[in-house]
Amino acid sequence: MNAYRYVDPGPTPPASSAATAKVMRRTKRRDTRPELRLRKALHRRGLRFLVDAAPRGGNRRRRVDVLIRGPRIAVFVDGCFWHSCPEHGTLPKSNREWWARKLAGVVRRDRDTDAELTKAGWLVVRVWEHEDPDTAADRIVHLVRARTRPRR
Ligand SMILES: [Zn+2]
């Protein structure tokens, strides 16, 4: 998943901060439940894709959660906390400033990735962790159709 894709905003807050440690601990790097659910929903719709792949033309170090190569669609599943979802984004109570910088760095990097991939001809789709996987999958299938040339 995307949780680890952030720009390091500087030294980690004191290790004594239990809250920080707790947030860090619940961070999974990939194959998070929202990702798995979306992948399952896409599979059910007959889509084939690469998982955790580096798109051609993009920065090799920035992995895409679901990569649909033909129509060049790059799907990210963004966690509500790390990517500051407008509905569920929060700042931990302790080390607020540090977290604010850290999370702002994540968002900055997201937008930077979007710009880079768009420039390379990819359509970037971002799915929130809280979104219904079937709704998101329908949206993606629609985009795939729109970007796939009809067969002759
Ligand atoms: Zn959310």
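A donor here is an N, O or S atom within 2.8 Å of the metal, and water is not among the atoms, so a site may look incomplete. Keep in mind as you click around that this is a predicted model.

Start with the zinc ion. Select C80, C85, H88 and H130 along with it: the ion is coordinated by SG of C80, SG of C85, ND1 of H88 and ND1 of H130, at 2.0 to 2.4 Å. Now look at the sequence panel, where the donor residues are spaced C-x4-C-x2-H-x41-H.

Colour those residues by accessibility. C80 has 7% relative accessibility, so it counts as buried. C85 is buried too, with a relative accessible area of 3%. Then click on H88: with a relative accessible area of 38%, H88 is partly exposed.

While the cysteines are on screen, how many disulfides are there? The count comes to 0, taking a disulfide as a pair of cysteine sulfur atoms within 2.5 Å.

Next, select G79. You'll find G79 in the loop between β3 (73-78) and α3 (96-119). Is G79 buried or exposed? Its relative accessibility is 4%, and because buried means under 20%, G79 counts as buried.

How values were computed:
Residues are numbered from 1 along each chain as its sequence is written. This is a predicted model: local features need pLDDT of at least 70, side-chain atom pairs count only at pLDDT 80 or more; totals for chains, interfaces and linings use all residues. Side-chain values use heavy atoms; hydrogens and water are left out. Helices (H or I, at least four residues) and strands (E, at least two) are DSSP runs, numbered from the N terminus. Buried means under 20% relative accessible area, exposed over 50%, partly exposed in between (1.4 Å probe, protein chains only). Donors are N, O and S atoms within 2.8 Å of the metal (3.2 Å for Na, K and Ca); water is not among the atoms, so sites may look incomplete.
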